[in-house]
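Please read the following briefing alongside the sequence and the coordinates. It goes through loops, sheets, helix packing, charged pairs and confidence in turn.

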Amino acid sequence: MGEKRTGITVFSGGTAANSLVDVFNRIIEKKNCQLNYIIPISDNGGSSSELIRFIGGPSVGDIRSRLVRLIPDPSNNQEKAALKALFEYRLPGDPSKARIEWLDIVEARHLLWAYISSPKRELIRSILNTLNLEIVKRTRPTSTFNFAEASIGNMFLTGARIFSGSFESAIYLLSMICSIPPNVSVLPAINSNFTHHISAGLEDGTTIAGQVAISHPSAPTALPDDVKISLATPSFPPLFHGAHGHGAPSSPNLHLMAMHDGTKLPPQHLTVPSARSSSSVTTSSFSATTTTTSSKPTFPSLPSRPGTRARSQTETEDASLPGSLPSLRTQNISFSKSDSDEADQLSARIERVWYINPYGHEIWPNANPKVIDALAGTTMVVYSIGSLWTSIVPSLVLRGVGEALAGEEEEEDFDVEGEQGLQGEMMESRTTTTTTTTTTKKVLVLNATIDRETGPKSKPMTATDFVRAVAEAGEQSRRSDPSYQPRSHAHGADDKGSAGSNNDAEQGRLLRKYVTHLIYLDGQEVDGRLARTGTAPRVDVKELEGLGIKCVRVEGRVQEDGKEVRYDEGGLGEALEGILDE
């Protein structure tokens, strides 16, 4: 017998599962046990995309989101509320204004610091300054960092990783600053200082590279590609014409290195109007200095040297390896998760998801060892609500996770009447079936709606399809291990079988390795009404229970808009506690 299992381990992404944090907190308070969140690092959207492009390293957005959400009682503590506001804060959407505000934060002149104690303020600032210095070092005329909509929490985690050289140390530091309880852990699915991307294959043979393209494709958000790059040399024609004579700029602060055509905003390192006053501000990487210029200067275009041309974003210097897929190097700062546009629907269902290197080749990364340890000591595994294929599956397909989830099987032989044989030789001549039992409950909390990933709307996934997807991901993880050997079973089948096998007994045995319980919203049953939006996954309770998976119905709560139905926190908590106590 192994050590007694205690605690809960939750596979989730960022935003969606944040709504369930209070549910899990109440359970572990009652049970006095450990809670582990396993979160993937493959998201290449939002402000993380710019950090990945310019600095490199893992995606930190979902990790930061969960850590900040876990800050205990921020409403009852002024400093905790201030820390939550700081790490959740996003800079303005305008790159120039965002850069100026970033400098205000780095230099401790921003109101966000008002209620943060000086020791924590200076510790946080030292980390932010580490990142700022790295940005300055990497800045080139052909490549600058876009501060638009940057998350301060993401910037902190990246700076802490650079400072310590360790991703898990960065997470520990933010956890310590935010006073996260010691019995709650946020674990990256992969503990790495490098970027990891995913790709998806659809049933029609289409391959999609990058999480953003799979989940919520974005409109272009990068600076225009028609930037003409010209080095400032004495041979250039005059920049400004005026009282200072030919070729003399009106102020030393107006020396230019690159500029946009037409009337577009100048690059971030030029003199730009201050958002705080009517005077101009030179946006140095370390300070903002006012000048006496009272009106916005005009910037005529510089001629290109012979043979030069406009450079595309993927030709500029950044943290990507030469030859990396262009789709993995773009900025995806702004995106929408709305599924209302039919044009944004996938052409077919997603068949599987895998990891790729920067050149698009499939790779098989190892899971974070702490993830494997957490699974080995947990009483209940929860696959949380959120994006199935980009928030849950990327953690499940990692080497080691499938084997840790499948656990050690205990095979028991029964005759067709259900009587257990007393001696093996007596059972040989009788019809038998095999059941698989594990000590860990594995609970899939079904999404309330179908999204882009679980469509298309013409062929949406059902609850059984969700279960199969989880099981297939676990089996994919096991098959990726070179030492994997399929196990033989009493009825002659082995682990090579698919979760979609036509043999119900074999399929049920395989599915139960990874999912033992399904929680779903009231109104999603086949024989009942669907959720009020009409987009909920269908739940065939009879089919699932025939496969040996227990189904638990939970009351829903209609949102203020009257359209969405979500889980009632109290009802979901009771359902999870009931499963835990079985």
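A108 lies in the loop between α6 (95–106) and α7 (118–138), where helices (H or I, at least four residues) and strands (E, at least two) are DSSP runs numbered from the N terminus. The phi of A108 is near 65°, a positive value in a residue other than glycine. This is a predicted model, in which local features need pLDDT of at least 70 and side-chain atom pairs count only at pLDDT 80 or more, whereas totals for chains, interfaces and linings use all residues. Residues are numbered from 1 along each chain as its sequence is written, and side-chain values use heavy atoms, with hydrogens and water left out.

**Another loop feature**
- G455 and P456 are joined by a cis peptide bond, with omega at about 5°, and P456 has its place in the loop between β16 and α15.

**The seven-stranded sheet**
- Seven strands form an open sheet in the order β3-β2-β1-β13-β16-β17-β18, with parallel pairing; two strands pair if DSSP finds at least two bridges between them.
- At the edges stand β3 (184–188) and β18 (550–554), each with a single partner strand, so one side of each is left without a neighbour in the sheet.
- From one strand to the next, the twist averages 20°.
- Helix α2 (residues 21–31) packs on this sheet and touches β1 (8–11), β2 (35–39), β3 and β13, its direction making about 150° with that of β2; contact here means heavy atoms within 4.5 Å, and angles run from 0 to 180 degrees between N-to-C directions, with axes being lines fitted to C-alpha atoms, for helices over the stretch in contact.
- Strands β13 (residues 380–383) and β16 (residues 441–445) pair in the parallel sense over four bridges, and Y383 stands opposite L444 in β16.

**The four-stranded sheet**
- A further open sheet, of four strands, has the order β5-β4-β11-β12 with antiparallel pairing.
- Its edges are β5 (207–209) and β12 (362–363), each of which has a single partner strand, so one side of each is left without a neighbour in the sheet.
- Helix α12 (residues 388–396) packs on this sheet, touching β4 and β11 (350–356), and its direction makes about 60° with that of β11.
- Strand β4 (residues 197–202) runs antiparallel to β5 and is joined to it by three bridges; T207 in β5 is the bridge partner of G201.

**Helix packing**
- Helix α15 (residues 463–479) packs against helix α16 (residues 504–512) at an angle of about 75°, with their axes 9 Å apart.
- The two helices α15 and α16 are therefore roughly perpendicular to each other, a term for angles of 65 to 115 degrees, while angles under 35 count as roughly parallel, over 145 as roughly antiparallel and the rest as oblique.
- V467, R468, A471 and E475 of α15 make the contact with Q507, L510 and L511 of α16.

**Salt bridges**
- The count comes to 24 salt bridges, each being a side-chain nitrogen of Lys or Arg within 4 Å of a carboxyl oxygen of Asp or Glu.
- E362 forms a salt bridge with R352, their closest N and O atoms being 3.0 Å apart; E362 is in strand β12 and R352 in strand β11, ten residues apart.

**Confidence**
- The mean pLDDT of the protein chain is 78, and 68% of its residues reach 70 or more, pLDDT being the predictor's confidence in each residue, from 0 to 100.
- Over residues 489–493 pLDDT stays under 50, and the model has 14 contacts beyond four places in sequence for them.
- Where pLDDT is low, the predicted coordinates should not be read in detail.
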